[in-house]
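Visitor: Hi! Could you walk me through this protein model, starting with its pockets?
Guide: Happy to, here it is.

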Amino acid sequence: MGSAVGLGNVWRFSYVAGENGGAAFLVIYIAMILLIGLPIVMAEFTIGRKGQSDAVGSFEKLSPGNERLAPGEPWKIAGIMGVASAFMILSFYGVIAGWILYYLLNYITGNLWSAPTDGYGAFFGEFISGSFQPIVWQFIFMALTIGIVFVGVKKGIERANKILMPLLGVLIIVLSAYGLTLGGASEGLSFLFSPDWSALANPSIYLAALGQAFFSLSLGMGALITYGSYLSSKESLPGAAASVATLDTLFAIIAGLMIFPAVFAFGIDPAAGPGLVFVVMPDVFDSFALGGVFGILFFFLLAAAALTSAVSLLEVAVAYFIRKFNWSRKQASLIVGGIIFLFGIPSALSQGVLAGVGFGDLDFIDSVDFIASNIFLPLGGLIIALFMGWGFKKADALKDSDFGNTTLGNIWLFLLRYVAPIGIIFVFLGSIGVFG
């Protein structure tokens, strides 16, 4: 849950939904979760627990024997892509989380208890366009992430999650309830729940929904395989998968209820992009008494959610390097975390001195996000679905997943074998214009 719930549910869901039509996007997003996301969550948990290894090692141990192929070939490419995706995503994730820490500090010091004279948009723009502060805050966040992974799974990851995740859930529910009292509540609800079906004619909405589903659920990046390897045979995998997918989706919808009424109440464009949360939420806090206190709580817990997700991303790469090079956990945490920080510096500068540097119309941070979230993650998920659906014997897949030979188990395999692969392929083909 700590891996799945993070910036993807609050920061990324709000601006991706805002850019892709709101309610129409939400419908496609939920369909992607049910038909593709949830089956692959189950597949990753099953592969991880059965393989008892990292994202690459699990494929190497479980791949069917073939004299002509090296161990794990060609399936382990999904694990390799997962490690690469986790590396890429954490490089810019640390940048966004650094922005959150900067806002948290400014609420704690009182700088943001009242609106800056030139507005929150200008305040945010001035900060992210700097050439020094974004890197400093990225470094601070990465140091925290490395510290938790350095300590270990039980003492670091689990202890942090058990305290911080429930607190974030309660605060988002409270703020969403307040959002419904604002003047833009009816417009916000309409934007989020009354679809404009004409938006479905745009192929990009399907790729955006698929990428968001994978990003939000931490699919295709090896995180759930790695965490699955820490589970015992006593754990019920279907129950764990259903809980993660359901609560993760509810988090995103509740975050939408928190943000979109405020977007319309304060006259902000819902398609304002990645800065939406940083411009909207301070206006919300300004609108009621003790808003500054809520600002501190919100950005603290959002930072905590970012931290629990970042930990899972770093753990993917660390677990791989521990096994591959026989490094200690401490050594792997410091080396891998340090390299990811350095790779993230161009993303930290992408709104300033490196503005305009990237692929096509995208700047560097958006380019890394697009490649990882919309290409690597779905392709990794496609290979995972094929591996679980076709690489495993049916009886073994049903047994190892805890489904047994049940109706639900057979539906799960059908989705993995046919629906998920075909859906992912069609979304890719549509995004490059094959269907006109």
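**Pockets, cavities and helix contacts**

Guide: Helix 15 gives five residues to the lining of the second largest pocket, the most of any element. Helices here are DSSP runs (H or I, at least four residues), numbered from the N terminus. This is a predicted model, where local features need pLDDT of at least 70, side-chain atom pairs count only at pLDDT 80 or more, and totals for chains, interfaces and linings use all residues. Residues are numbered from 1 along each chain as its sequence is written, and side-chain values use heavy atoms, with hydrogens and water left out.

Visitor: What counts as a pocket?
Guide: On a 1 Å grid over the protein atoms alone, a pocket is an open set of points with protein on both sides within 12 Å along at least five of seven lines, while a cavity is a set where a 1.4 Å probe fits but cannot get out; lining residues have an atom within 4 Å of a point.

Visitor: How much space lies in the second largest pocket?
Guide: About 450 Å³. A volume is the space filled by probe spheres set on the grid points, which are joined across faces, edges and corners.

Visitor: Which residues are closest to the centre of that pocket?
Guide: Tyr15, Glu19, Leu362, Phe370 and Asn374, out of 19 lining residues. Helix 1 (7–19), helix 9 (204–217) and helix 15 each give two or more residues to that lining.

Visitor: How does the lining of the second largest pocket split by class?
Guide: Into seven nonpolar, six polar and six charged residues. Ala, Val, Leu, Ile, Met, Phe, Trp, Tyr, Cys and Pro count as nonpolar, Asp, Glu, Lys and Arg as charged, and the others, Gly among them, as polar.

Visitor: And how many cavities of 30 Å³ or more are there?
Guide: Two. The largest cavity has a volume of about 80 Å³. It has 13 lining residues, and Ser3, Tyr93, Phe215, Ser218 and Ser309 are the closest to its centre.

Visitor: How many charged residues line the largest cavity?
Guide: None: its lining has seven nonpolar and six polar residues.

Visitor: New topic: how do helix 1 and helix 9 cross?
Guide: Their axes come within 10 Å and cross at roughly 175 degrees. Axes are lines fitted to C-alpha atoms, for helices over the stretch in contact, and angles run from 0 to 180 degrees between N-to-C directions. That makes helix 1 roughly antiparallel to helix 9; the term is for angles over 145 degrees.

Visitor: Which residues make that contact?
Guide: Gly8, Asn9, Arg12, Phe13 and Val16 of helix 1 meet Ala208, Gly211, Gln212, Phe215 and Ser216 of helix 9. Contact means heavy atoms within 4.5 Å. By class, this contact of helix 1 with helix 9 has four nonpolar, five polar and one charged residues.

Visitor: What about helix 4 and helix 15?
Guide: The axes of helix 4 (residues 77–108) and helix 15 (residues 364–391) come within 9 Å and cross at roughly 150 degrees. Helix 4 and helix 15 are therefore roughly antiparallel too. Their contact includes Met81 and Phe92 of helix 4, and Asp369 and Phe376 of helix 15. By class, it has 18 nonpolar, three polar and one charged residues.

Methods. Parallel < 35°, antiparallel > 145°, perpendicular 65-115°, else oblique.
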